[in-house]
Amino acid sequence: MATAVAGCGSSGSSGSSGSSGTGASGSGPVKLDFWGWAPGYAQSVALWNKSHPDIQVTFDNTASGAKGGYTKMLTAVKAGNAPCLAQVGYETLPSFAAAGALQDITQYASADQSQFAAWTWNQVTIDGKTYGAPVDTAPMALLYRKDLFAKYGITKPPATWAEYAADAAKVHHADPTVYLGDFGNDAYNYAGLAWQAGAQWFGTGGDQWQVSIDSAANQKVAGFWQGLESQGLLKNDPSYDPSLYSDMAKGKILSDVNAVWDTPILASSVKTTSGDWAVAPMPVWDAANPQYGNDGGSATAVLNGCKDAKQAAEFALWMSTDPTSLTNLIKVTGIYPAATSGLDNPALTAPDPFYGGQTIFDVFKAEMPHINTNWQWGPTMTQASNDLGDGLGTVETGNAQLPAVLGTVQSKTVAEMKQQGLSVAGG
């Protein structure tokens with residue numbers, strides 16, 4: 001990210017004031033607070049505490065970032081009582097950096113850079129400064145009811161979006177109460193669809209930000225999904241809502257295009273259908289040149305004001321690389337590791353009973369070489385994702401068209417960036 005563009009190199013130093021941590025010079029073990037929401041994180045913290053008596057971490061469950069967790073973290077940083085550690089999605093790290101909420105841990109973390117896929121390290125490094133440790137990547141796939149696909153005459157999962165549209169029509173015409181998929185309101189899931197199509201949202205050049213949320217490539221993606229919506233071929237349950245899982249359990253929604261981390265969420269949400277599901281590659285635009293999307297990925301970030309940044313960095317790097325921690329996170333959280341050593345973890349080759357004994361991580365592994373790792377997040381993703389999520393909701397209710405929503409989000413994003421004093425081309 002260009003130095004003159006981001007305006008987000010500001011951060012505290014390891015000696016800054018604040019209430020996080022205990023201070024390495026204090027008596028007894030160093031105590032660190034860690035805020036996050038992912039299932040499985042607490043178990044990894046417990047593993048660390050058992051083997052590191054001199055540095056003890058307390059994990060506090062917060063609301064997910066998009067549902068208030070990030071606001072709580074930023075408020076705590078401003079008040080000087082933030083935790084040392086926080087789960088922050090890659091997409092939100094630039095916003096935290098722009099707000100001065102992150103602490104530079106380059107001196108403690110740089111030696112471990114080679115342990116991670118290069119593009120994931122880039123996600124936690126802004127303007128040459130590293131602010132945390134990458135935890136995972138989030139390749140997307142098609143999670144589907146293989147028994148109900150067979151019932152409705154779908155002999156193989158759709159490999160392309162054209163086949164997906166045809167199957168959506170086939171299923172719904174056979175039974176108007178049944179849908180191939182759901183049109184949700186999660187902005188980051190939609191970002192993964194755009195990512196797959198090469199429809200960038202942000203870029204930098206000439207010391208300016210470039211915003212392209214309503215570009216031709218983005219309009220192509222929007223037009224496809226709006227077409228299915230206009231034909232009534234998709235269910236309109238809000239993303240991750242109980243209504244969605246109720247419809248899935250009842251066989252009213254047959255599939256979900258989602259990230260690897262959704263596989264355990266789905267399994268815990270529709271337990272009565274265990275064994276009926278399978279995982280297939282995400283449908284692609286061009287079968288001859290398959291490209292896939294990424295929906296998420298998080299870092300364990302060190303927040304500004306941490307008195308024990310060295311110890312915080314040590315824990316963050318351990319959580320992402322230690323084999324026992326990774327085994328836990330793969331099984332419970334459903335991560336695909338950012339650490340290269342984690343790709344050989346035996347947990348990735350274990351059959352999954354919920355998915356009919358399938359080794360589901362094989363699907364995500366095969367997709368990884370076909371994910372464009374040059375995607376760039378912008379510095380106002382909290383605003384952009386909220387506006388897009390609201391817009392997707394209006395599309396669900398039929399009160400807006402998705403292509404027009406992208407134009408609105410584009411305008412609001414450019415305005416917000418300029419309000420923050422960032423240099424933006426056009427808009």
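These legends walk through a few close-up views of a predicted model.

**View 1. The disulfide between C84 and C306.**
Start with the two cysteines: a disulfide is a covalent bond between the sulfur atoms of two cysteines. The structure holds one of them, and C84 and C306 are the partners, with their sulfur atoms 2.0 Å apart. The torsion about the S-S bond is about 90°, so this disulfide is right-handed. Neither cysteine is out in the open: C84 is buried, and so is C306.

**View 2. Where C84 and C306 sit along the chain.**
C84 lies in the loop between α3 (69-79) and β3 (85-89). C306 belongs to another loop, the one between β15 (298-302) and α13 (309-321). The two parts are 222 residues apart in sequence, so the pair ties them together.

**View 3. R145 and its partner D147.**
Now for the salt bridges, of which a search of the whole structure finds five. In this one, R145 pairs with D147, and the closest N and O atoms are 2.8 Å apart. R145 is buried, with a relative accessible area of 6%. D147 comes out at 32% relative accessibility, so it counts as partly exposed.

**View 4. R145 again, this time with D276.**
The side chain of R145 also meets that of D276 in a salt bridge, at 3.9 Å from N to O. This pair links distant parts of the chain, 131 residues apart. R145 is in strand β8 (residues 140-145), while D276 is in the loop between α12 (262-269) and β14 (277-281). With a relative accessible area of 23%, D276 is partly exposed.

**View 5. The salt bridge between D247 and K235.**
Here the closest N and O atoms of D247 and K235 are 3.4 Å apart. D247 is in helix α11 (residues 242-249), and K235 is in strand β12 (residues 234-235). The two residues are twelve residues apart, and the pair links distant parts of the chain. So which of the two is buried, and which is partly exposed? D247 is the buried one, at 12% relative accessibility, because buried means under 20%. K235, with a relative accessible area of 22%, is partly exposed.

Definitions and conventions: Residues are numbered from 1 along each chain as its sequence is written. This is a predicted model: local features need pLDDT of at least 70, side-chain atom pairs count only at pLDDT 80 or more; totals for chains, interfaces and linings use all residues. Side-chain values use heavy atoms; hydrogens and water are left out. A disulfide is a pair of cysteine sulfur atoms within 2.5 Å. Helices (H or I, at least four residues) and strands (E, at least two) are DSSP runs, numbered from the N terminus. Buried means under 20% relative accessible area, exposed over 50%, partly exposed in between (1.4 Å probe, protein chains only). A salt bridge is a side-chain nitrogen of Lys or Arg within 4 Å of a carboxyl oxygen of Asp or Glu.
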